[in-house]
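Morning, everyone. Please have a look at the structure on the screen.

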Amino acid sequence: MAVKIYQSQVKLNQGNVPQIKGLSIPIGLAQTASEGVKSITKAIANYKSEQEDTINDNRATEIIIDAKKKINSVVVNSKNNPNIDQVEKNLDLAFNSIDLTKENNGVKKLVKDWSNKYKIQVSGTVFKNSASKLFADTQDTQKKKLNGWAVDLSSNDPMVRAVASKNLESYFNNANNAKYFSDFNATKNDTYALAKKLQVKFDT
């Protein structure tokens, strides 16, 4: 006896399940998401850059503080050094001693920018200090010379007085000697006044 198998013609109930062939994101939403990612990436980059700048600033500050100790020492010592050439050489050595060989480009730029500006500032100060010391020493030497002649001018020895008088007259007639004094005429008057004062003292 043969058995027949019949194929069911009943379709399965698939309910309300939608047939999804592909998933698409609206263009506006995609652009917003992309901009958000870029914004975050930029913020991270800026943060890293700021962190690097802070590290460079701190390192540069350390180097500058150390360099200033040497440089300012030269400035202070220049007040007692009448040798202008030597003082300027000492200043160059102080600036050249700043070692940046192991530093990154950011630190190098910060320190070099400071160095260039600070050298201009202190160079003038160092020159003035040394020049003032030179002037003071020279003036002191000249005053000693004048005071010596003032003493001789008050001498009881006519020959000594004559030589001193000639020396003083020649000295004050030389306009080039005015460079040693802020007020050359006042110096002349003071010198002769001293001679007269000494003369009176010796006479008594």
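This is a predicted model: local features need pLDDT of at least 70, side-chain atom pairs count only at pLDDT 80 or more; totals for chains, interfaces and linings use all residues.

Residues are numbered from 1 along each chain as its sequence is written, and side-chain values use heavy atoms, leaving out hydrogens and water.

Start with helix H3. Helices here are DSSP runs of H or I, at least four residues, numbered from the N terminus. H3 has 49 residues. From first C-alpha to last, H3 reaches 70 Å, close to the 72 Å expected at 1.5 Å a residue. That expected span is 1.5 Å times one less than the number of residues. At the N-terminal end, Asn104 caps H3. Its side-chain oxygen lies 3.0 Å from the backbone nitrogen of Gly106.

Now the cores. A nonpolar core is a set of buried Ala, Val, Leu, Ile, Met, Phe, Trp, Tyr and Cys residues joined through side-chain atoms within 4.5 Å. Buried means under 20% relative accessible area, with a 1.4 Å probe and protein chains only. The largest core has 19 residues. Ile71 and Trp114 are among those touching the most other members. H1, H2 and H3 each give two or more residues. H1 gives the largest share, seven. A second, separate core has twelve residues, including Trp149 and Tyr171.

Last, where is Ser155 found? In the loop between H3 and H4. Its side chain reaches the backbone nitrogen of Asp157 at 3.0 Å.

Definitions and conventions:
A polar contact is a pair of N or O atoms within 3.5 Å; within protein, one must be able to donate a hydrogen and the other to accept it, and residues adjacent in sequence count only if both atoms are side-chain atoms. Buried means under 20% relative accessible area, exposed over 50%, partly exposed in between (1.4 Å probe, protein chains only).
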